[in-house]
Amino acid sequence: MKYLIVAVSMLAMLSCKERFDSKTYAENKISLAQRESEHPEQFIHLSSDDKRNLFGNTVIKGKLVNMASVAAYKNTRLKMLCYKNGIRVEEHEDVIPSILKPGATKNFKIRYRLPKGTDSLALSVMSADTLSDAISSSKE
């Protein structure tokens, strides 16, 4: 009976043993940073709202959110497409120079004089420059 209890307990201890990945924490962090720096448009989320002011300019208020866990970004390039009756009539590109640390949110405001009859706008993130951790922690 003692041998049965010892055998069952040893079997239980062996089955509960966790197996760890051969990569270390630092290697995983480096690979994550590479992925985030190669495709910043996947990690920067954009939301915006637009309206016309009294002078006829279109004012776009927006928010950039960095969803990356390691990478910090600067000089985020935005693309704006203007549509009139479903047809693209104008295209603009802007750069938001703010530093976006991981998990940070930045608000921005852009003013344009758009063509008459523009009924919709589409904004998207084109690209961004990646900063190293040392640079981003020393600024702002």
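E91 is partly exposed, at 37% relative accessibility. This is a predicted model. E91 forms a salt bridge with K79 and another with R88.

**Salt bridges**

- How many salt bridges are there? The count comes to 3.
- One of them joins K79 and E91, with the closest N and O atoms 3.6 Å apart.
- K79 sits in strand β3 and E91 in strand β4, so this pair ties together parts that are 12 residues apart in sequence.
- K79 is partly exposed, at 26% relative accessibility.
- R88 also bridges to E91, and here the closest N and O atoms are 3.9 Å apart.
- Shared partners link K79, R88 and E91 into one network.
- E93 and R77 form a salt bridge too, with an N to O distance of 2.4 Å.
- E93 belongs to strand β4 (residues 87-96) and R77 to strand β3, so the bridge ties together parts 16 residues apart in sequence.
- E93 has a relative accessible area of 44%, so E93 counts as partly exposed.
- R77 has a relative accessible area of 30%, so R77 is partly exposed as well.

- β3 and β4 run antiparallel and are joined by 9 bridges.
- Which residue of β4 is the bridge partner of K84? The partner is I87.
- β3 and β4 form a hairpin with 2 residues between the strands.
- N85 in this hairpin takes a positive phi near 55 degrees.
- β3 also pairs with β6, in the antiparallel sense, over 10 bridges.
- R77 stands opposite S127 of β6. R77 is also the salt-bridge partner of E93.

**The open sheet: β1, β2 and β5**

- Three strands make an open sheet in the order β1-β2-β5, with antiparallel pairing.
- Which strands are at the edges? They are β1 and β5, and each pairs on one side only.
- From one strand to the next, the twist averages 20 degrees.
- β1 covers residues 44-52 and pairs with β2 over 9 bridges, in the antiparallel sense.
- Within this part, S47 stands opposite K63 of β2.
- β1 and β2 form a hairpin, with 5 residues between them.
- G56 lies in the turn and has a positive phi of about 90 degrees.

**The largest nonpolar core**

- The largest nonpolar core has 18 residues.
- Which residues touch the most other members? They are I44, L64, Y73, L78 and I110.
- Strands that give two or more residues to this core are β2 (58-66), β3 (72-84), β5 (105-112) and β6 (120-131).
- β3 gives the largest share, with 4 residues.
- Take L64 as a close-up, leaving aside neighbours within four places in sequence.
- L64 is then in contact with a list of residues including I44, L46, L78, I96, L100, F108 and V125.
- The list for L64 also includes H45, T76, A104, T105 and K106.
- Two of these contacts, I44 and L78, are named above with L64 among the residues that touch the most other core members.

**N66, a buried residue in β2**

- N66 is found in strand β2.
- Is N66 buried or exposed? N66 has 1% relative accessibility, and the cut-off for buried is under 20%, so N66 counts as buried.
- The side chain of N66 reaches the backbone oxygen of L100 at 3.0 Å.
- Sequence neighbours within four places aside, N66 is in contact with residues including L100, K101, P102, G103 and A104.
- Its contacts also include F43, A71, A72 and Y73.
- L100 is a contact of N66, and L100 is a contact of L64 as well.

Terms used
Residues numbered from 1 in each chain as written. Predicted model: local features only at pLDDT ≥ 70, side-chain atom pairs only at ≥ 80, totals over all residues. Heavy atoms only, no water. Core = buried A, V, L, I, M, F, W, Y, C linked by side-chain atoms within 4.5 Å. Buried < 20%, exposed > 50% of the residue type's maximum accessible area, 1.4 Å probe, protein only. Contact = heavy atoms within 4.5 Å. Pairing = 2+ DSSP bridges. Polar contact = N/O pair within 3.5 Å; in protein donor to acceptor, adjacent residues only side chain to side chain. Salt bridge = Lys/Arg side-chain N within 4 Å of Asp/Glu carboxyl O. Axes fitted to C-alpha atoms, helices over the stretch in contact; angles between N-to-C directions.
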